[in-house]
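Trainee: I should be grateful for a close look at one part of the structure shown below.

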Amino acid sequence: MFEMSRDPRYLLPLAILLGVIVVSAVLVERAPRHARAAAHPAATAAAGAPPLDDVLIDSRRALDLARLREALTKYHDDKGVYPATGGKLVTMCATPDDVGCAVAPTAIALPFSDGTQPYFYASDGATYFALVAHAQIASHDRTECLTDLPPDLKDAPLLCVLMQKAAD
């Protein structure tokens, strides 16, 4: 068992599993109290719980946004600014010309999309950034999202990460 924990082939799946558990715990905590009370699987299915596939897809997207947040923080630590979009929400790195591509050298194989939908990014360059992804589950709290969303994202379920840099 000890040798298995030192083999890098086991560390990535273990890290992903831990990430899914953490994100699932956060999603459960955000659920209304009456939804959490239905602990029996049959009761949960009857209460309209989202399909497990949707939870797993959104969990992966949340982990991707966390990796992008780390890369943006590292970029800011190195350069003193975030890649600037003028505060407008744009694709993170769907084309090589996107400003979010500037963070690519900060980490290996950053996920700039979920494989079908791109991730989005906004920043004024100095004080904040926002990361946005499409979501499967419509009940995600949108109060953390930007208010000025493009038309194709306005009514879509979203995952959002906002980072406000403290004033110096």
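What is the mean pLDDT of the chain, and what percentage of its residues reach 70 or more?

Mentor: The mean pLDDT of the chain is 79, and 67% of its residues reach 70 or more; pLDDT is the predictor's confidence in each residue, on a scale from 0 to 100. This is a predicted model, in which local features require a pLDDT of at least 70 and side-chain atom pairs one of 80 or more, while totals for chains, interfaces and linings use all residues. Residues are numbered from 1 along each chain as its sequence is written, and side-chain values use heavy atoms, with hydrogens and water left out.

One stretch calls for caution. Residues 34-44 have a pLDDT below 50, and beyond near neighbours in sequence this stretch makes seven contacts in the model (a contact means heavy atoms within 4.5 Å). Where pLDDT is low, the predicted coordinates should not be read in detail.

Buried means under 20% relative accessible area, exposed over 50%, and partly exposed in between, with a 1.4 Å probe and protein chains only. The largest core has 21 residues, and Leu65, Leu68, Leu72, Met92, Val103 and Leu131 have the most contacts inside it. Helix 5 contributes the most, with five residues. Leucine 65 touches Tyr119, Leu131, Ala133, Leu159 and Val161, leaving aside residues up to four places away in sequence. A second, separate core comprises twelve residues, among them Phe120, Ala122, Leu153 and Ala156.

The whole structure contains four salt bridges, each a side-chain nitrogen of Lys or Arg within 4 Å of a carboxyl oxygen of Asp or Glu. Arginine 61 pairs with aspartate 58 at 3.1 Å, N to O. These two residues are about one helical turn apart because they lie three residues apart in helix 5. Arginine 61 is buried at 5% relative accessibility, as is aspartate 58 at 1%. Aspartate 64 meets arginine 60 at 3.7 Å, N to O; aspartate 64 is buried at 9%, whereas arginine 60 is partly exposed at 38%. Lysine 74 and aspartate 78 form a bridge at 3.3 Å, N to O, and lie four residues apart in helix 5, about one turn. Lysine 74 is partly exposed at 39%, and aspartate 78 is exposed at 53%. Through shared partners, salt bridges join Asp58, Arg61 and Asp114 into one network.

The rings of tyrosine 82 and phenylalanine 129 have centres 5.0 Å apart and planes at 70 degrees, so the pair is edge-to-face. Tyrosine 82 lies in the loop between helix 5 and strand 1 (90-91), and phenylalanine 129 lies in strand 3, 47 residues apart. Both are buried, tyrosine 82 at 4% and phenylalanine 129 at 0%.

How values were computed: Core = buried A, V, L, I, M, F, W, Y, C linked by side-chain atoms within 4.5 Å. Phe/Tyr/Trp six-rings, centres within 6.5 Å; stacked < 30°, edge-to-face > 60°.
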